Amino acid sequence: MLDDAGLRGRGGAGYPAARKMAAIAGHKPVVVGNGAESEPLSRKDVELMIRAPHLVLDGLNAAADAISADRVFLRLHVDAIPAITEALRERRAAGNDPHRIQVVEAAKGFVAGEESAAVRQIEGGPGLPRDRIAPTAVSGVRGRPTLVNNVETLAHIGLIARFGSEWFRSVGDCDDPGTMLITVSGAVSHPGVSEVPTGTLLTEIFRQAAATDPRKIQAFLVGGYHGSWLGPRAFTDLRLSRTALKSFGASPGAGVIHSLGPTECGLIRTAEITEYLGGQSAKQCGPCRNGLPRLAELVNELAYGRADDQLMEETRRLAALVDGRGACRHPDGTARLVRSALTVFANEIELHRRNRCIG
């Protein structure tokens, strides 16, 4: 059913849900629902769990049934724990809790939302990624095959189990169907979380949240802190789909759309985010321990110091150097953000060369 539905994960990576589930093979598998919501610009997982906790639990139980799971965990942002705890109490009172779901409060920190960090914390360790010697589907919680799904993905699984794959595919983009939750923030009058069909024009999403013409916005950050900056011209005709965004080196990610006002400096905002990401690494491999702090220094110098060709070239070189070489994908996402900033804010860099700034 999931294969027919074409459901992709809603946690950021967008991996096909059916393929992820089919990869689970072995003795006593484990299911983990991941609602850590470690992306600073996202609120969609917490809102979902507060507003529709039983839908998440439906999907979690359906996934556990599908792979005959032995243990089931739900790892949550602290703000969602009361709603889920009450929903579990209601289900147990009704005799509808077949897997005795164990709730775990997620560790804080940006990389705590990563799949292997979820497994590591459930085992009693820190909420930090670890080297992937074997895929989580093969060796996850205490060496068992483990399925880790974002809570929004689980909610969709619950709906597909109830209404079928054709119902799910009846809305959204044909290559990436369904709906997705998005968090809109920044230079908007109505920030918050909403549910939209995939394939919706990004300008339409923005207009619903703001009283501002998108063309007057400096730039849009799509996908969160591991996402990509897009200029207003590129943003105008783009749709919220992986296929459409891929041509711009972007992805829907965790459904974040953050707008930068016309008097905000994109270089300064990028420097703030890059410095944050450099401090949020697991500090367990070279790209995170050495590469990201140095990359943050270079972007800071672009924003507040000199902005010459040599500095630009060194920033590009270091972004390429850390990309794809970490134990997890934290360096990759940081490099993606920086590269997009160098392109989208090229005019701002020219102003900084002349000791001027749009902000």
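Colleague: Which residue of strand 2 stands opposite Val 31?

Modeller: This is a predicted model, where local features need pLDDT of at least 70, side-chain atom pairs count only at pLDDT 80 or more, and totals for chains, interfaces and linings use all residues. Residues are numbered from 1 along each chain as its sequence is written, and side-chain values use heavy atoms, leaving out hydrogens and water. Strands are DSSP runs of E, at least two residues, and helices are runs of H or I, at least four, both numbered from the N terminus. Strand 1 and strand 2 pair in the parallel sense over six bridges, and opposite Val 31 stands Val 72.

Colleague: How many bridges join strand 1 to strand 4?

Modeller: Pairing requires that DSSP finds at least two bridges between two strands. Val 30 stands opposite Thr 146 in strand 4. The two strands run parallel, and the bridges joining them number five.

Colleague: Why is strand 1 largely enclosed?

Modeller: Buried means under 20% relative accessible area, exposed over 50%, partly exposed in between (1.4 Å probe, protein chains only). Val 30, Val 32 and Asn 34 point one way, Val 31, Gly 33 and Gly 35 the other, and all are buried. Strand 1 is largely enclosed by the rest of the structure because its buried residues number six of six.

Colleague: What is the strand order of the open sheet?

Modeller: Strand 2 (residues 71-76) pairs with strand 3 in the parallel sense over four bridges. Arg 75 stands opposite Val 104 there. The open sheet has four strands, paired parallel, in the order 3-2-1-4.
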